[in-house]
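Take a look at the model below.

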Number of protein chains: 2
Amino acid sequence: MTETKTYSLQDILSMDKVPRLNMINAASGFKSACLIGTLSEGGVENLAVFNSVVHIGSNPPLLGFILRPVTVPRHTYQNILETGWYTINHIGESIYKKAHRTSGKYREDISEFEHCGLTPQYTDTCKAPYVLESAIKIGLTFEEEHTVKANGTKLIVGAVRELMLPEEAIEGDGFIDLETAGTLAISGLDSYHKTTRLSREDYVRIPSEKSRPG
Amino acid sequence: MTETKTYSLQDILSMDKVPRLNMINAASGFKSACLIGTLSEGGVENLAVFNSVVHIGSNPPLLGFILRPVTVPRHTYQNILETGWYTINHIGESIYKKAHRTSGKYREDISEFEHCGLTPQYTDTCKAPYVLESAIKIGLTFEEEHTVKANGTKLIVGAVRELMLPEEAIEGDGFIDLETAGTLAISGLDSYHKTTRLSREDYVRIPSEKSRPG
């Protein structure tokens, strides 16, 4: 067995900035690999990689993501507030290198779609651009935001308005097989991973329980 | 190429409950596979599987997780408020079936550690139980909570006080190789996945930029 290394809070605070960023970002486990697409009021498309999309609710369908403090301009955030719309697009193996390049701090008038070689796609429903090359695409409207007092990070909550899925990835019980769709996972800030399913586990029913919770 | 199936909001709202739960939970992409350990004021240990741990900040180190509405008793939440402490423990292949069994709604006086065959572990620092069988363990204190107005779901934010890592998984730049640590990913509500790293991508530097952001 390998040795365990224990870090106290003081040890973590004493680390240099980049190792601390790498370590604490990886400590949260595997994360979603998504591109968030938006459009500014002035018509400039924006695309940015995010690894913090979380499920908030199914009825109504709500998703959240974490946005770093807006002490510097965040085009994704500005555009969401301006237009009320954004898209979440899963990152697959064929586009992850392009997707990661959207993490650069480009000027506001530059479209990351164009700069990184990805294709905007529009539907009648959604006022923000999807990523044509993504297999799974979600169109959302801004619902609410919460600001973490400790450091100014925000939880952005959106309502799902449109969901596009590859038909072959949808299983009989509604589950989406993300491996068939080619979706990747992220760890840390910069590590991209394919996955292999071990199993789907049964719903755990305790004898006294009457019905499945919502 | 496969066909794309498009769901409107109305289509999603018209679905039966379980398919909708499965679909919207999977739509958020891959997620962390963690067990949260707590202790009640009365001394009963609690352990529950969570797939929603997210990075909130590195300096100071903060992690968040999403808690479903507290319209029914949530022992994890009660215990965190009572004691101020909790642990996040990564789920590896050797324990994921036991870990998933903690999702059952057990009575308050039942320890999921005992019921599911996992071992509580204490340190001098942390007042909540870790999972001995987990390779990566994080001890946290409760920092703040935010309640999503749309459905009552909560974001719980905690401050990292202690971090235990397998020494062989720590890379030179602080990054934790979650595959060496054996950490799994979750998709949907019940699907567990191993991962294979494709690559770590370089930090994207734009010519005009002076220094790496925090």
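What follows covers overall build first, then strand pairing.

This is a predicted model: local features need pLDDT of at least 70, side-chain atom pairs count only at pLDDT 80 or more, and totals for chains, interfaces and linings use all residues. Residues are numbered from 1 along each chain as its sequence is written, chains are lettered from A in the order in which they are written, and side-chain values use heavy atoms, without hydrogens and water.

Start with chain A. It holds 6 helices and 13 strands. Both are DSSP runs numbered from the N terminus: helices are H or I with at least four residues, strands E with at least two. The radius of gyration of chain A is 19 Å, close to the 17 Å of the globule rule for 214 residues, so chain A is as compact as a globular protein of that length. That radius is taken over C-alpha atoms, and the rule is 2.2 Å times the number of residues to the power 0.38. Along its principal axes, the C-alpha trace of chain A spans about 55 × 50 × 35 Å. Of its 214 residues, 58% count as buried (under 20% relative accessible area, 1.4 Å probe, protein chains only).

Now turn to chain B.

What does β7(B) pair with over 5 bridges? The partner is β10(B), residues 137-147, in the antiparallel sense. There, B:Y86 has B:L140 as its bridge partner. Strand β3(B), residues 34-39, also runs antiparallel to β7(B), joined by 4 bridges. B:G37 stands opposite B:T87. Pairing requires at least two DSSP bridges between two strands.

Key. Buried means under 20% relative accessible area, exposed over 50%, partly exposed in between (1.4 Å probe, protein chains only).
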